[in-house]
Amino acid sequence: MAAKYIWGSLVGSCVIAYGCDYIMSEQKIFGGTIPSTVSNKEWFEETDKKFQAWPRTAGPPVVMNPISRQNFIIKSTDS
């Protein structure tokens with residue numbers, strides 16, 4: 001008996017959340033525009049080229065610092 005109230009409230013809250021998300025993001029009730037970095041296809045292609053051009057390293061796991069483009073090898077603590 002309580003399950004129908006739980007399911008009903010879950011479905012209702014999902015509908016309300018979707019409606020709020022659609023109104024705020026698609027209808028832009030608070031103003032604003034889509035950034036050019038999101039809508040510009042050429043920007044995306046150039047960014048993708050830079051990501052694909054980074055060197056691939058095989059061996060131990062590395063942490064890539066995208067700002068300085070340095071790779072740091074993670075030392076294993078299990079020795």
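**The aromatic pair and its setting**

Author: Of the 79 residues of the chain, 1% count as buried, where buried means under 20% relative accessible area, exposed means over 50%, and partly exposed lies in between (1.4 Å probe, protein chains only). This is a predicted model, in which local features need pLDDT of at least 70 and side-chain atom pairs count only at pLDDT 80 or more, while totals for chains, interfaces and linings use all residues. Residues are numbered from 1 along each chain as its sequence is written, and side-chain values use heavy atoms, with hydrogens and water left out.

The chain has three helices and two strands, in the order α-α-α-β-β from the N terminus. These elements are DSSP runs numbered from the N terminus: helices are H or I with at least four residues, strands are E with at least two. The chain exposes about 7400 Å², of which carbon and sulfur atoms supply 65%; the areas come from the Shrake-Rupley method with a 1.4 Å probe, and for residues only the protein chains shown count as cover.

Now the rings. A search of the whole structure finds one aromatic pair. The ring centres of Y18 and Y22 are 6.5 Å apart and the planes meet at 20°, so the pair is stacked. Rings of Phe, Tyr and Trp (its six-membered ring) pair if their centres lie within 6.5 Å; planes under 30 degrees apart are stacked, over 60 edge-to-face, and the rest tilted. Y18 and Y22 are about one helical turn apart because they are four residues apart in helix 1. Y18 counts as exposed at 58% relative accessibility, whereas Y22 is partly exposed at 38%.

K28 is in the loop between helix 1 (2–25) and helix 2 (36–39). Its phi is near 50°, a positive value in a residue other than glycine, and K28 counts as partly exposed at 29% relative accessibility.
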